[in-house]
Amino acid sequence: MRILKNTLYLVGLPILLLALWALATSGAPNFFVPTPATLATTFGEVWFDADRLLDDVLPSLGRLAAGVLAAIVLGVVLGLLVGMNRTLRALTEPVFEFFRALPPPVLVPVLMLLVGTNDAMKVAVIVSGCVWPVLLNTIEGVRSIDPVQNETSRSYGIHGLPRIRYQVLPSAAPTIMAGVRQCLSIGLILMVISEMFAASSGLGFTIVQFQRSFAIPEMWSGIVMLGLIGVALSFIFQSAERRVLRWYHGLKEVENAA
Amino acid sequence: MTQTVAAKTPGRRAEPGPGKGAKRRSGSARKRLSDPLLGLLGVVAFLAVWELLPRLGLAPQKYLPPASEVLAALVRDFGLADFWKAVGETMAAWAIGLAVAVVLATVLGLVIGMSQFLRRATYSTVEFLRPIPSVALIPLAVLLFGVKMESTLMLVIYACFWQVLIQVLYGVADVDNVAMNTARSYGFSTAQRVRDVVFPTMLPYLMTGIRLAASVALILAITAELVIGSPGLGHEISLAQSGGAISGMYALILATGLLGVAINLATRKVEKRVLSWHPSVRGEVAA
């Protein structure tokens, strides 16, 4: 009974919305909005196609993964270096704040000039946009470590890599993960944008192509595809975060209960 | 979950100075430059590297003009009416989009958050729609509105709406049960309960949401102008690029960055002022 109620809560509203959508489009055919049934069949035809998967979807996802991973590694390493040194922190803060505030898509034209229009440019765009939230959050996370913890490590003679591995990284992890979450959504945006600008393949290119040729149901199926990727990414992130920060959420629960 | 972490410490980034331990250490150490001075030094060093890279031929001067040229172009832009018109168009899309998104999200968030039934019934839909990247809507916006400000607005509103809605939902969920029950037994009406119990609890979360949404709104406004070609700074950038006015393009990019910095500073200031009564901000001032 309870399971039934829970599933009803989960699927109730989506079903209602789908029904409304079907009802609204079933009467007079609307040029801009396809019916759910048309969209579903088009989605199958367009995206479950071996060529499209191999030529457009997988390369796009590969570039996204490469860019995001590089940005996370770069951001955390640089962030640790800068965050643990007070002078370096003060020296770099205004410049980093500027780059964080810079809307990442404006870097697309710059990198198109400097790198050319190839795969490297697209990965560079993703890295150059995604690295800032991770970098600044790592600096912030390292900076706000409890000083007692720092002094404890020092008096126990824990230095260098072991200190980073066992004290600094874990304490900064919650803040770093918040940066990684931002980095993922920016990465997805930049993946699409870089392909809309100058590309002959990829998800963003395909969707714009559909729109320019007024293939409306196909265009909608592309929007759904991007949406599904977004949902999948956020799902992957949440399970990764739960794993990395298990101790942290446990701690919070204990604190909240007390 | 991380959003609650961020939300519970509003304005933490603005904390003055380093932790206590670091301060004590530096007091006994040799005299050092003050932080703002070091920051200035960092900016100067950055500009110097940028100036030298093309001058020494380490980067193609055609594609990366030296900093002095770009800064000169930026100063020239400041005197042009067209530049300010583009800034105005971008900021108008930013402000209208942000305002609409905040109002919509706050009202809907309050309605959904205060009802157990609605919260459970909308959960799956919200969690599904939220991660959809707003750039996915670019083709749709082009079809519906063409190269006009409405396309920009559509993307900005969509992106900001979820940022704020999620924070408001977290905020409403954070309301103290005892306070709520007290208000109920004192015979507060629903409107009074919203105003005096729910709203103050939610406000720090709402401000965090607005702060995040303000920078997202700028990103989306510029993106839409860049990709769709609706009027504004982004459109000017793509015009400058295709017209081969490379230092002009870099100057405009600098301008968007400066706008972003200004927006960040302004929202942090507003947040601090609006929440001046809140313990998290009060504690910071006392420390």
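Helices (H or I, at least four residues) and strands (E, at least two) are DSSP runs, numbered from the N terminus. On that count, chain A has 11 helices and 0 strands. Chain B has 13 helices and 0 strands. This is a predicted model, in which local features need pLDDT of at least 70, side-chain atom pairs count only at pLDDT 80 or more, and totals for chains, interfaces and linings use all residues. Residues are numbered from 1 along each chain as its sequence is written, while chains are lettered from A and ligands numbered from 1 in the order in which they are written.

**Chain A overall**

- From the N terminus, the elements of chain A read α-α-α-α-α-α-α-α-α-α-α.
- The radius of gyration of chain A is 23 Å, whereas a compact globule of 258 residues would come near 18 Å. That radius is taken over C-alpha atoms, and the globule rule is 2.2 Å times the number of residues to the power 0.38.
- Along the principal axes, the C-alpha atoms of chain A fill a box of roughly 75 × 60 × 30 Å.
- Of the 258 residues of chain A, 41% count as buried. A residue is buried if 20 or more other C-beta atoms lie within 10 Å of its own, exposed if 12 or fewer, and partly exposed in between, with C-beta atoms placed from the backbone.
- Among contacts in chain A with a separation of 6 or more, 76% are between residues 24 or more positions apart. Two residues are in contact if their C-beta atoms, placed from the backbone, lie within 7 Å.

**Chain B overall**

- Chain B follows the pattern α-α-α-α-α-α-α-α-α-α-α-α-α along its sequence.
- Buried residues make up 38% of the 287 residues in chain B.
- For contacts in chain B between residues at least 6 apart in sequence, 73% join residues at least 24 apart.

**The A–B interface**

- Chain A brings 54 residues into contact with 52 residues of chain B.
- On the chain A side, the elements that give two or more residues are α1 (2-26), α4 (86-101), α5 (107-115), α6 (119-143), α7 (147-155), α8 (160-197), α9 (203-212) and α10 (216-244).
- The largest share of that side, 11 residues, comes from α4(A).
- By class, the side of chain A that touches chain B has 36 nonpolar, 10 polar and 8 charged residues. Here Ala, Val, Leu, Ile, Met, Phe, Trp, Tyr, Cys and Pro count as nonpolar, Asp, Glu, Lys and Arg as charged, and the others, Gly among them, as polar.
- Thr92(A) is found in helix α4 of chain A. Thr92(A) is buried, with 23 other C-beta atoms within 10 Å.
- Leaving aside neighbours within four places in sequence, Thr92(A) is in contact with Val82(A) and Gly42(B).
- Thr92(A) and Ser128(A) are 36 residues apart along the chain, and their C-alpha atoms are separated by 17 Å.

**Helix packing in chain A**

- Helix α3 (residues 50-83) of chain A packs with α8(A) at an angle of about 145°, and their axes are 8 Å apart. Axes are lines fitted to C-alpha atoms, for helices over the stretch in contact, and angles run from 0 to 180 degrees between N-to-C directions.
- The residues of this contact include Gly67(A) and Ala71(A) of α3(A), and Val180(A) and Gly187(A) of α8(A).
- The contact of α3(A) with α8(A) divides into 14 nonpolar, 3 polar and 2 charged residues.

**Nonpolar core**

- The largest nonpolar core has 131 residues, of which Val156(B), Cys160(B), Ala213(B) and Ala217(B) touch the most other members. Such a core is a set of buried Ala, Val, Leu, Ile, Met, Phe, Trp, Tyr and Cys residues joined through C-beta atoms within 7 Å.
- Helix α10 (residues 190-227) of chain B gives the largest share of this core, 19 residues.
- Leaving aside neighbours within four places in sequence, Cys160(B) is in contact with Gly97(B), Leu98(B), Ala101(B), Ala213(B), Val216(B) and Ala217(B).

**Exposed sites and backbone**

- Just after α9(B), Gly187(B) takes a positive phi of about 75°.
- Phe214(A) lies in the loop between α9 and α10 of chain A. Phi of Phe214(A) is near 55°, a positive value in a residue other than glycine.
- Phe214(A) is exposed, with 10 other C-beta atoms within 10 Å.
- Val75(B) sits in helix α4 (residues 67-78) of chain B. Val75(B) is exposed, with 10 other C-beta atoms within 10 Å.
- Val75(B) and Ala251(B) are 176 residues apart in sequence and 8.5 Å apart in space, C-alpha to C-alpha.
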